[in-house]
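Please read them beside the sequence and the model.

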Amino acid sequence: MLQHYDVIVIGGGHAGCEAACAAANMGARTLLVTMDMNKIAQMSCNPAVGGIAKGQIVREIDALGGQMAKVTDATTIQFRMLNRSKGPAVWSPRAQCDRGKFIWKWRETLDATENLDIWQDQADELLVENGKAVGVKTIWGAELRAKCIVVTAGTFLNGLMHIGRRMVKGGRIAEPAVEHFTESITRHGIRSGRMKTGTPVRIDKRSVHFEDMDIQHGENDYHRFSYMKPEGPGNPQETDTAPDVRPLQQLPCWECYTNPEVHATLRSGLNDSPLYNGQIQSIGPRYCPSIETKLVTFPEREQHLLFLEPEGVETNELYLNGFSSSLPMDVQIAALRKIPALRDLKVYRPGYAIEYDFFDPTQLTHSLESKVIRGLFLAGQVNGTTGYEEAAGQGLVAGVNAALRAGSMQQEAPVFTLSRDEAYIGVLIDDLVTKGVDEPYRMFTSRAEYRILLRQDDADARLTERSYQLGLAKKERYDWWMEKKQNIEGIVAFCENFPIKAKDINGKLEALGTTPLQFGVKLVDLVARPQLDFNNLSTIIPELKEVLNRPIQRKEEIAEAAEIKIKYKGYIERERMVAEKMHRLENIKIKGHFDYPNLSAISTEARQKLERIQPETLAQASRIPGVSPSDINAMLVLMGR
């Protein structure tokens with residue numbers, strides 16, 4: 001069997017699904033190779049999408065024309081906007097999803113995508129000719145050829161699972177590992193390493209005493225992930241008077257804590273823990289540690305918070321967030337039964353750890369194409385990241401660039417990249433290819449230096465027009481953004497021009513707890529006050545209420561975006577100025593201009609790092625650990641010469 005495509009995507013996880021859809025929607029003849037079509041976009045760990053900074057990535061994927069946000073909205077069983085007590089720069093949407101329905105919604109999405117085929121099989125060997133990736137061979141003997149290959153193999157490459165001292169090969173529980181594919185890549189000079197991740201026990205909710213737990217409800221306001229209006233049956237369209245209703249039943253989560261008895265039981269099993277008996281050598285995620293790591297790292301803590309989260313509307317399966325573990329299963333279960341709410345605990349399966357191969361991401365360009373093998377793109381956990389959202393964002397970028405390269409007749413194909421002040425996805429990819437990873441990379445708002453520019457409310461403002469010009473975002477999305485943009489600008493313009501007389505409003509302002517006016521101002525000056533917002537101002541200024549009600553759809557989201565633009569205008573403008581200064585360094589191309597080993601004007605460490613990574617620009621060089629400001633200044637002087 002020999003099949004020819006423009007793009008082949010290996011792996012049907014979150015990165016692979018976005019990569020395949022993006023490439024196909026760009027017009028490339030695309031094939032998605034997956035081991036199990038019934039586990040497309042499987043949520044291997046927590047059945048949730050979004051969270052701190054991750055929610056911003058999902059909204060960026062949506063603004064670019066990706067699919068994750070729409071699939072999430074269709075399968076949400078609890079939604080929350082995190083960090084509301086802080087400024088909007090760090091507000092982050094998060095949704096619990098129905099795991100099974102999430103898979104099938106993604107499957108429907110893939111089946112409805114033109115130019116996209118699916119082949120159920122396992123990749124066994126990457127085919128490389130003259131330094132270029134040209135196809136793959138599978139374990140069933142299929143030879144699949146393409147102009148570009150996107151590898152999104154997740155945790156399957158030489159995957160090894162651990163529960164206590166027992167080890168079983170596999171990429172996920174009850175699924176086989178991919179044992180030879182890594183070697184077919186590394187033989188061409190690409191460096192690989194090993195990482196570790198894990199997942200918690202799954203619990204039968206019929207055995208839980210919920211009366212001994214604190215309940216945590218979600219929110220049911222206008223917020224959601226996709227900027228687009230709902231689609232399909234069960235998703236009522238918005239009207240002037242009522243927002244859309246989420247299509248699935250909304251479920252609560254529950255909270256409980258570990259205790260000293262739990263900790264004592266867990267400590268009794270540490271000698272059999274793969275993390276501490278030498279069985280696991282690779283590094284796990286710092287920001288999602290196992291329960292045994294928490295005990296060792298924080299021995300003084302007498303309790304740790306746990307969240308019990310539903311896996312779906314029609315299942316008894318619950319996910320125990322905060323209790324990732326690879327201890328022996330009897331130790332896990334015995335410890336959990338020391339928690340009052342779980343005293344009669346029954347489980348579907350214990351937690352486990354998994355080790356897997358990844359590839360050093362500094363061997364990639366910002367398009368996620370390999371610097372070693374032309375036409376080979378890598379995305380997701382194979383680049384050393386952790387998280388569905390980080391994987392999906394990489395997948396979309398890799399899919400777009402694979403389609404661009406496959407469609408180009410030139411040696412230097414056009415590329416699509418995102419800058420650090422343009423998207424969290426840009427921060428993610430720049431960190432990977434510039435700094436590399438020594439532990440699974442997880443996105444946080446603190447990793448971005450331009451957080452005020454990268455808010456969850458304005459991803460469409462940052463990315464949709466550019467994506468439409470690229471051909472990824474469709475006209476419906478572009479038209480909706482242009483309508484929304486016009487509405488936002490209309491509200492801002494109204495506030496900038498509407499006069500407020502002190503004598504007419506001072507009594508009402510005092511009632512709202514803010515200082516009365518000394519003289520007349522424009523409405524925009526009142527909106528900027530911390531005590532005031534559109535909600536309370538619209539109760540005392542009828543003209544404002546009328547303007548806020550003009551949009552037919554998504555009026556609350558439009559009002560929120562306009563209000564943030566007004567309240568944070570000074571901060572936004574100041575951060576934009578800082579970003580523009582950095583762009584000057586981004587415009588200084590240095591690749592191929594320096595013989596780093598013989599560059600005596602910079603430090604030895606800088607020479608070594610620059611030679612290994614080969615940065616494209618001076619700005620990228622400045623972000624490499626070990627390259628100092630004095631090294632950059634020296635290179636600037638040399639560039640001047």
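1. Terms and basis. Two strands are taken to pair if DSSP finds at least two bridges between them; strands (E, at least two residues) and helices (H or I, at least four) are DSSP runs numbered from the N terminus. This is a predicted model, in which local features need pLDDT of at least 70 and side-chain atom pairs count only at pLDDT 80 or more, while totals for chains, interfaces and linings use all residues. Residues are numbered from 1 along each chain as its sequence is written, and side-chain values use heavy atoms, with hydrogens and water left out.

2. Strand β9 and its hairpin. Strand β8 (residues 132-138) is joined to β9 by 3 bridges, and the two run antiparallel. V136 stands opposite L144 of β9. The hairpin of β8 and β9 has 4 residues between the strands, and G141 there takes a positive phi near 90°.

3. Parallel partners of β9. Strand β1 (residues 2-10) runs parallel to β9, with 8 bridges between them; H4 has R145 as its bridge partner in β9. Strand β19 (residues 376-378) also pairs with β9 in the parallel sense, over 3 bridges, and there V151 faces L378. As for burial (buried is under 20% relative accessible area, exposed over 50%, partly exposed in between, with a 1.4 Å probe and protein chains only), 7 of the 9 residues of β9 (residues 143-151) are buried, leaving the strand mostly covered.

4. The sheet with β3. β3 pairs antiparallel with strand β5 (residues 92-97) over 3 bridges, and A48 stands opposite Q96 of β5.

5. Helix α17. Is this helix largely enclosed or left open by the rest of the structure? It is largely enclosed, because 11 of the 13 residues of α17 are buried. Among them are I558, A559, A561, A562, I564 and I566, but also K555, E557 and K567. The buried residues pack (contact means heavy atoms within 4.5 Å) against several helices, including α2 (54-63), α12 (475-497) and α18 (569-586). The expected span of a helix is 1.5 Å times one less than its number of residues; for α17 (residues 555-567) this gives 18 Å, and the end C-alpha atoms are 18 Å apart, which agrees.

6. Helices α6 and α8. Axes are lines fitted to C-alpha atoms, for helices over the stretch in contact, with angles from 0 to 180 degrees between N-to-C directions. The axes of α6 (residues 260-268) and α8 (residues 329-336) come within 8 Å and cross at roughly 170°. That makes α6 roughly antiparallel to α8 (over 145 degrees; under 35 is roughly parallel, 65 to 115 roughly perpendicular, the rest oblique). V262, T265 and L266 of α6 meet V331, A334 and A335 of α8.

7. Residue I590. I590 is in the loop between α18 and α19 (604-613). I590 is buried, with a relative accessible area of 0%. Leaving aside neighbours within four places in sequence, its contacts include Y596, P615, L618, M635 and M639. The C-alpha atoms of I590 and L127 are separated by 32 Å, and the two residues are 463 residues apart along the chain.
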